[in-house]
Structures are given as structure tokens and as C-alpha cells.
Amino acid sequence: MEINTLPISASTRGKLISTGYTSLSSLSSISPSRLAQDLRIQESEAVEILKVASVNCGVGNSDGTRAIVAGAQTAWDMLHEEEFARRITTSCEEFDQILGGGISLKEVTEFGGVPGIGKTQMGIQLAVNVQIPVDYGGLGGKAIYIDTEGSFMVERALQIAEACVEDLLDNGPARKDFRASQPNLSAKNLLRDIFYFRVCSYTEQIALVNYLEKFISEHKEVKAIIVDSVTFHFRQDFQDMALRTRLLSNMALKLMQLAKKFNLAVVLMNQVTTKYCDGSFRLTLALGDSWSHTCTNRVILYWEGNERYAYMDKSPSLPSASAPYAVTSKGIRSSASNCKRIKLMQA
Amino acid sequence: MHPQNLLLLSPQKCTLGCPILDRSLAGGIPCKSITEIVAESGSGKTQLCLQLLLTAQLPTPLGGLSASSFYIHTEFPVPLRRLRQLAHSFKSSYSNVFASSSSSSSSSSSTSSSDPCDFIFVRPVHTADQLFDLLLKLDSLLENPPTELPVKLIVIDSIAALFRSEFENNPGDLKRRSSLFFKIAGKLKSQAERFGLAVVITNQVVDVMTSSEGINGLKIGNLGNLYSSGRRVYPSLGPSWAHCVNSRLFLSRDEEILGDHVGSGEYVCRQTRRQLHVLFAPHLPICVEESLRLSFASVFSSEDRNNLRKCTKSVCLVASKMKVWRASRISLVVVIANQLQMLGYGSMENDLQQENLDLCQRGKFWFHFLPGDTNRRG
């Protein structure tokens with residue numbers, strides 16, 4: 001009975017409950033005039049009630065009169081938000097282009113590929129890039145790195161962080177006072193702001209994802225959650241495959257909620273498996289078809305000859321395209337080949 | 001649940017015993033992760049593993065883990081004789097380490113000096129389920145080590161032998177097999193994380209029969225096509241197993257014909273060239289390769305001149321005892337019983353251990369002489 005928690009007068013509360021508005025969610029999608037009609041009160045009082053309810057929900061605008069329906073947004077507002085929202089760069093121009101500028105916040109992006117293609121490298125690069133200060137065009141946030149496989153090597157992360165700092169100082173604004181005002185930009189500080197968790201079983205993984213909400217509400221600067229990889233512990237023998245599907249979809253739902261609530265990016269790494277269909281073996285991403293629905297964006301990393309390519313497989317707003325990238329000692333960078341064209345594939 | 005402080009995390013590495021090989025692996029085999037060595041038979045993977053069992057006992061300033069090791073083997077016969085050989089030469093190379101350790105353990109009643117083999121635990125397994133059960137029992141060994149050195153290295157030689165006979169080639173069996181991979185790898189990784197272990201697993205290769213399309217031609221890692229002994233090969237157990245390991249190293253062997261002396265009829269110089277490639281590793285982004293040499297004392301890089309000189313001495317003694325043709329500078333290529341080869345050259349010296357000579361005389365050998373200089377790397 002969440003209505004009880006609202007700071008409104010007892011008589012108003014009584015009216016709400018008797019009319020059938022027993023939970024906050026029922027108040028979230030109703031217009032003030034309708035509420036006034038139902039409760040037989042003045043419209044201004046209804047607006048006040050809705051404002052209090054929306055503030056308590058933590059959703060929506062603080063000025064309840066602007067939105068037509070408290071708790072919801074118009075598409076126009078959403079478009080504005082998206083245009084000005086920053087994205088996390090991958091340090092590779094072509095890769096950023098196929099992602100529409102970088103990894104977007106409030107969405108779950110999945111990277112899948114064979115071993116050795118650079119998934120862990122991408123994870124470390126993103127964990128470092130999310131911390132690029134706002135003055136340099138980044139988000140200035142912190143990162144949570146959940147390592148399920150033990151592939152995270154601190155020395156490699158230090159290498160990537162040092163290269164990132166070098167690049168920023170080389171290409172950033174050249175004003176001396178500006179650079180002096182960024183004394184905190186060092187590789188060690190970048191590593192300090194990556195919250196690293198190591199999980200060794202699927203139960204630990206699920207428990208950690210459940211705990212993340214509390215953790216992030218205490219560390220509000222977190223802007224990226226990277227899970228490398230989300231599949232490893234789930235590929236063991238599950239007697240009951242339905243249980244596995246349930247656990248996975250629960251976890252995915254929680255991650256999506258975290259992304260939307262705290263306005264951060266969730267990046268998941270996936271593995272490949274061979275699927276036996278029509279008498280032959282095909283390579284697909286692991287965890288099955290039901291998992292494919294849970295992520296917002298899906299990028300497949302693959303080899304073509306001696307070059308690494310990224311292919312935008314699933315996205316609600318971006319076309320399918322592939323882009324070459326390279327894994328260098330500095331991390332993920334643009335491929336050095338001469339023909340750096342983005343190939344648009346006919347879907 | 002608390003996040004770990006990254007600045008305090010610095011995984012130890014176990015040296016391979018050769019500084020140049022260590023350099024190409026950025027220090028050696030890392031702890032808390034699984035390293036896989038993929039090679040054809042006869043390439044030297046067991047030799048490398050045996051050497052690791054010994055170097056793990058070195059103290060940390062010398063690059064070791066100051067730890068005992070656990071050797072799980074699946075292929076027979078067990079290389080115990082070779083291990084003893086290596087332990088003997090290891091002890092003499094690092095005599096200061098073992099002398100000090102035996103003097104410090106004067107409280108224990110060991111009258112003889114400590115033998116490196118005392119700190120190596122060997123166990124056979126025959127099936128994959130047995131391996132998993134053994135890993136479960138290992139927990140108690142890891143918590144309460146029977147010797148004063150804790151166990152920090154686990155070597156499984158080889159994993160492929162466990163899986164290649166039990167499972168048929170139908171989807172059901174393959175699925176069961178791959179879930180076993182993840183079960184075993186998951187257990188190993190959680191033990192590695194909990195106790196700070198380095199895990200080394202060896203794997204075999206299969207020949208690639210079909211063209212490069214499809215699953216058989218799937219490129220995993222930096223090298224597209226792996227070649228060994230002139231054939232195109234592929235690591236066995238498939239892409240599922242590739243996901244279970246953190247790093248993968250590939251040892252290739254090739255027979256090379258040196259020089260162009262076929263015209264004279266008697267001189268055919270063959271040499272086995274062994275190379276170490278990094279296929280994929282999270283901390284080694286660039287593919288490196290390093291030429292390996294095996295000797296009866298150790299595995300080392302062909303660039304390592306100190307070790308080359310040591311080999312040379314023993315080779316020359318053999319030549320003098322056999323009363324072969326001398327020249328002021330000769331290059332020798334010696335093939336000894338279990339296909340170890342060395343290349344070295346230098347002057348004749350007579351101050352060598354009798355044991356090395358015994359070993360040479362027990363095996364078969366061919367001598368090929370090549371007058372004049374040849375390049376050391378071959």
C-alpha cells in the first residue's frame with residue numbers, strides 16, 4: 001500500500017483508496033482532470049497529488065504541470081535527451097561510427113565473438129574511456145567491471161590507461177592552465193575508479209547483479225557496467241534448461257532496469273557456440289535465442305583475413321554496418337589498413 | 001561483496017626458466033589464469049611442463065612461485081625418468097637455492113639435501129569425470145599442503161586425451177562434452193582465483209581436412225593457419241574449449257634442411273626448428289614468436305647464449321669420446337633418443353660430467369658434420 005507513504009492528508013488518502021487508487025503505479029499514468037473527476041476534488045488539488053506521487057516515484061519531472069501525463073515523457077523530450085546524451089567512445093573512429101557515436105547510455109549492448117578477437121580488450125578500453133573527463137568530451141564517470149573468466153590483467157589495464165591519458169593530453173585543449181587544472185588525470189587514478197568484481201559461479205554472478213543496485217546508489221558516478229563474460233558460468237551443465245532461461249532473463253531484466261534507472265551503459269560480452277541445424281554446424285552466439293531478445297544492441301566481432309571487424313547485428317535505430325578495428329598495445333584503435341571504408345550491408 | 005582494489009592486484013608470474021622466453025610472455029605464466037599449450041606430439045610441451053614444475057619451486061626474486069606443483073597426467077608412460085634428469089640438472093644450476101633451503105630446514109630431520117622432486121605431486125587420471133573428482137579433492141590439498149611450500153602450480157598433461165575417446169560425433173555427445181569443459185574450467189578457475197594458482201594445460205592438435213570455410217577453418221587467435229611439420233593443424237577440442245582457457249600458446253615443429261650440401265652426398269643436415277607462438281592472451285596483444293631449443297638440461301630460447309654454450313660443451317665431449325673427426329671449428333647436429341636436438345658449436349673441451357656422457361651413450365645418435373660456420377639460429 002504505497003499510497004500510505006505519500007505525504008498527503010488522511011482524507012485525501014482515504015478518497016484515493018476508496019476510489020481504487022491503491023498503488024503509486026496507478027497514479028502514474030492518469031491525467032489531473034480524470035483524477036479530479038474520480039475523486040470529486042478540485043483539479044488543482046489533483047495536480048498536487050500527482051506531483052507528490054511523481055516526486056516519490058523518482059520518475060518524471062519535478063514540475064508536474066509540464067508533462068501531460070505525470071511519469072511519462074513525450075517523444076520530443078526523449079529526442080532532445082538523446083541528441084545531447086554523451087556516448088562512450090571506443091577509441092576507434094569507425095567503430096564509433098557504426099555505433100552511432102559510441103556506446104549509448106540507458107541501453108544494453110552485447111559484444112560477441114570467438115576467443116582472441118578482443119572482447120576483453122574492448123571491455124577494458126570501455127572501462128577506461130568512460131572515465132574521460134567531461135572537458136575532453138567524455139562522461140567523467142566510473143566503471144564497474146565484473147570478471148567471470150579471470151581474463152582481466154591489471155598490467156594490460158594499466159597499459160591501456162596510460163595510452164589513454166597520453167592521447168588525451170596530446171589531443172586535448174592546448175591551454176597550459178587547462179592542462180594544469182587536470183592534475184588528477186593519471187593512469188593510476190583511472191584504475192582506481194574501476195570497481196572490479198570477480199565472480200566464480202553463476203550464483204555469485206546473480207547475487208552480484210542483485211547487489212549492484214545498492215552499490216550504484218552509493219556510488220552515483222558509475223556510468224558503465226561491463227560484464228566479461230556473461231556466458232561463462234551458464235554454459236555448465238544445467239539439469240533444467242528452463243531454470244537457466246529464467247535466471248538469464250531475470251538477470252538481463254535487472255541489468256536493463258539498472259541502465260534505465262541510473263542512466264548508465266551496460267556492456268555484456270558473449271561467447272560463440274556451434275549450433276547444429278539442417279545437418280550442419282553453424283557458429284552463433286551462446287545462450288540461445290531467448291537471450292538474443294534481451295539486449296538492445298548486438299555487435300558481432302569477427303575475423304576477415306587478418307583483420308578484425310565489428311558488425312552491428314541488432315540495433316533499434318542504427319543500420320547494419322561493419323567496421324575494421326585493431327587491437328594494439330595502446331588498446332582498441334583504428335585499423336591501420338588503407339581502405340578504411342564503412343561497408344553498409346543490405347539487410 | 002566488495003570490489004577489489006586494482007592497484008593492489010598484481011598477479012605473479014612463473015618463469016619458464018629462460019629469460020628470453022619469459023620476455024616474450026611478459027614475465028612468464030601468469031597466476032590466477034589458465035594457460036593452454038597446444039602442440040603436436042614431440043614438440044616439447046611435456047618438456048616445458050616438466051620444466052615449469054621445477055621452476056615453480058624457485059623463490060620469487062628468481063621468478064618462481066616458491067611453491068610445490070601438482071602434475072596430473074593422462075597419457076602414459078609417465079615421464080618420471082625425464083623429470084628426475086631435469087631435476088638433477090636443475091638442482092645443480094640453482095645449487096645456492098637448494099643448499100640454503102636445506103640448511104634452513106635443519107629443524108626437520110632431513111639428512112639429505114632437499115630434492116626438487118619432493119615438491120612435485122603426480123597423479124594419473126583416465127576419464128574426464130575422474131579429473132573433476134580429483135579437482136574436488138584438490139581443495140583440501142590446496143588448503144593444507146603436505147610440504148612447507150604451498151601448491152601454486154597445476155599442470156594437466158594433456159586434456160585432449162580425456163575427451164577424445166569417450167564422446168561420439170553426434171550433437172548430444174558434443175553438447176555433453178562441452179558442458180563438461182565448462183564445468184572443469186569453472187572449477188579450475190575458481191580454485192586458481194581462491195589460491196592464486198597458475199594452471200597450465202596441454203592440448204593436442206588435429207589435422208585440418210576440409211577447406212578453410214566452415215567450423216574447421218575457424219580462426220581463433222592471431223594466427224590464421226597453424227602449421228606444424230608442414231601440415232595445417234588446428235587445436236583439438238574445438239572452439240568451446242578455446243573459451244575455457246585464458247591464454248593459448250602454440251608450439252610448432254618443422255624439419256628444416258640446412259644449407260645446400262646435397263651435392264657432396266654425405267652431408268645432409270636436418271634440424272628440427274621449434275617455435276613458440278602466442279595465439280591469444282589478454283595481456284599479450286601482439287603475436288610473438290620465439291625459437292625454442294631443447295637440450296637434456298632444459299628448454300630454452302635459441303637466443304639464449306649461456307645455455308647454448310652449456311650444450312656445446314656436452315656435445316663436444318661426446319664427439320671426443322667417440323673419436324670422431326676433429327676440426328678446429330665444427331658444427332654438430334646431434335639427435336638423441338627421444339628426439340631432442342641441439343645446435344651449437346665451439347672448441348673441444350674435456351671438463352664435463354660423466355652423467356651426460358652416459359646419457360648420450362645410452363641413446364642412438366647420428367652425427368652430421370658441417371664444416372665452417374653456420375648461423376646459430378639455424
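Predicted model: local features only at pLDDT ≥ 70, side-chain atom pairs only at ≥ 80, totals over all residues.
The structure holds 18 salt bridges over all chains. In chain A, Arg333(A) pairs with Asp167(A), with the closest N and O atoms 2.7 Å apart. Arg333(A) belongs to strand β13 and Asp167(A) to helix α8, so the pair ties together parts that are 166 residues apart in sequence. Arg333(A) counts as buried, at 13% relative accessibility. Asp167(A) is partly exposed, at 22%. Lys142(A), Asp193(A) and Glu221(A) are linked in a salt-bridge network.

In chain B, Glu193(B) and Lys32(B) form a salt bridge, at 4.0 Å from N to O. Glu193(B) lies in helix α7 and Lys32(B) in the loop between β2 and β3, so the contact ties together parts 161 residues apart in sequence. Glu193(B) is buried, at 17% relative accessibility. Lys32(B) is partly exposed, at 28%.

Lys187(B) forms a salt bridge with Asp139(B), at 3.1 Å between the closest N and O atoms. This pair ties helix α7 to helix α5 of chain B. Both Lys187(B) and Asp139(B) are buried. Helix α5(B) spans residues 128–143 and reaches 23 Å from its first C-alpha to its last, close to the expected 22 Å. A kink of about 30 degrees is centred on Lys137(B). The buried residues of α5(B) include Leu131(B), Leu135(B), Leu138(B) and Asp139(B). The helix's buried residues pack against β4, β5, β6, α6 and α7 of chain B.

Arg308(A), in strand β11, is buried but has no salt bridge. The nearest side chain of opposite charge, Glu307(A), is 8.7 Å away. A polar side-chain atom of Arg308(A) lies 2.9 Å from the backbone oxygen of Gly116(A). Arg308(A) also touches Asn222(B).

Definitions and conventions. Residues numbered from 1 in each chain as written. Chains lettered and ligands numbered in written order. Heavy atoms only, no water. Helix = DSSP H or I, 4+ residues; strand = E, 2+ residues; numbered from the N terminus. Buried < 20%, exposed > 50% of the residue type's maximum accessible area, 1.4 Å probe, protein only. Lys, Arg positive; Asp, Glu negative; His and termini not counted. Polar contact = N/O pair within 3.5 Å; in protein donor to acceptor, adjacent residues only side chain to side chain. Contact = heavy atoms within 4.5 Å. Expected span 1.5 Å × (residues − 1). Bend = angle between axes of the 7 residues up to and from the residue. Lists of a residue's contacts leave out its neighbours within four places in sequence.
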